[in-house]
Amino acid sequence: MTTPTALATDEARTRLHELTIIDVRTPGEYAGGHLPGALNIPLDRIRRALPDIRHASDRGDILVVCASGARSQNACTILAENGVTAATLSGGTGAWAADGHELHRPQGASRAVWGMERQVRLTAGVIVLLGLLLGLVVHPAFQFLSAGIAGGLVFSALTNTCGMAAMLAKLPHNRPRAADLDNTLAALRDR
């Protein structure tokens with residue numbers, strides 16, 4: 001398997017008009033700001049959207065975007081395994097915003113959901129503290145809970161994957177409503 005092509009933010013900005021941009025972050029992250037014209041198809045829904053993405057790739061280049069680039073690389077790998085060529089944005093929306101490019105927000109986006117990385121840091125920190133506290137108050141074996149999270153963080157860094165993020169993405173506030181995803185796929189078919 002080859003590494004997906006990566007576009008720098010300036011190159012992507014100059015090609016926005018010719019790219020189909022798929023943002024694979026959670027709906028809450030997407031609502032917090034996304035590239036102009038990006039369609040939100042969360043990473044865990046990519047396989048469901050494959051026929052529509054394949055159809056869009058027949059008409060032009062696909063750019064997959066996330067917060068920092070890790071999820072978009074995973075999405076590009078899934079797409080490549082299914083015969084769809086796509087590029088990823090180097091550094092994701094974080095690099096896009098840092099380079100001074102505009103982020104769009106959906107109309108009526110009223111609630112701010114934390115980014116996935118922030119959700120993971122909070123969850124990991126709470127579990128580590130809970131394991132240490134329970135280890136002191138209830139039984140020392142609870143400290144293995146903290147050790148398990150530490151091991152998971154090391155594994156996550158070494159493999160550039162995150163099981164905790166995958167689990168958190170399944171929470172209701174991180175999931176698209178079925179109608180939202182259907183509307184996104186319809187918009188993708190119309191491009």
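This is a predicted model: local features need pLDDT of at least 70, side-chain atom pairs count only at pLDDT 80 or more; totals for chains, interfaces and linings use all residues.
1. Which residue is the bridge partner of I21 in strand 4? The partner is L63. Residues are numbered from 1 along each chain as its sequence is written, and side-chain values use heavy atoms, with hydrogens and water left out.

2. Five strands form an open sheet in the order 1-5-4-2-3, with parallel pairing. Strand 1 (5-7) and strand 3 are the edge strands, each pairing on one side only.

3. Follow the pairings one by one. Strand 2 pairs with strand 4 (residues 61-65) in the parallel sense over 5 bridges. Strand 2 also pairs with strand 3 (residues 39-40), again in the parallel sense, over 2 bridges; there, I22 has L39 as its bridge partner. Strand 4 is joined in turn to strand 5 (residues 87-89) by 2 bridges, and these strands run parallel. V64 finds its bridge partner, T88, in strand 5.

4. Is strand 2 mostly covered or mostly open? Strand 2 (residues 19-23) is mostly covered, with 5 of its 5 residues buried. Buried means under 20% relative accessible area, exposed means over 50%, and partly exposed is in between (1.4 Å probe, protein chains only). In a regular strand the side chains alternate between the two faces of the sheet. In strand 2, L19, I21 and D23 are on one side and T20 and I22 on the other, and both faces are covered.

5. Have a look at I41, in the loop between strand 3 and helix 3. I41 counts as buried because its relative accessibility is 0%. Leaving out residues up to four places away in sequence, I41 touches I22, D23, V24, I46, A49, I53, L181, T184, L185 and L188; a contact means heavy atoms within 4.5 Å. I41 and D182 are 141 residues apart in sequence, yet their C-alpha atoms are 9.9 Å apart in space.

6. With 6% relative accessibility, H34 counts as buried. A polar atom of the H34 side chain lies 3.1 Å from the backbone oxygen of Y30. Setting aside neighbours within four places in sequence, H34 is in contact with D23, R25, E102, L103, H104, R105 and P106.

7. How many salt bridges does the structure hold? There are 7 salt bridges, each being a side-chain nitrogen of Lys or Arg within 4 Å of a carboxyl oxygen of Asp or Glu. In one of them, the side chains of R48 and D182 meet at 2.6 Å, N to O. That pair links distant parts of the chain, with R48 in helix 3 (residues 46-59) and D182 in helix 9 (residues 178-190), 134 residues apart. R48 is partly exposed at 43% relative accessible area, and D182 is partly exposed at 36%.

8. The side chains of D52 and R189 also meet in a salt bridge, at 2.9 Å, N to O. This pair too links distant parts of the chain: D52 is in helix 3 and R189 in helix 9, 137 residues apart. D52 is buried, with a relative accessible area of 10%, whereas R189 is partly exposed, with 41%.

9. E117 and R121 are both exposed. Elsewhere, R15, E18 and D61 are linked in a network of salt bridges.

10. One last stop is F142, found in the loop between helix 6 and helix 7 (143-159). F142 is partly exposed, with a relative accessible area of 34%.

Note on methods: Helices (H or I, at least four residues) and strands (E, at least two) are DSSP runs, numbered from the N terminus. Two strands pair if DSSP finds at least two bridges between them. A polar contact is a pair of N or O atoms within 3.5 Å; within protein, one must be able to donate a hydrogen and the other to accept it, and residues adjacent in sequence count only if both atoms are side-chain atoms.
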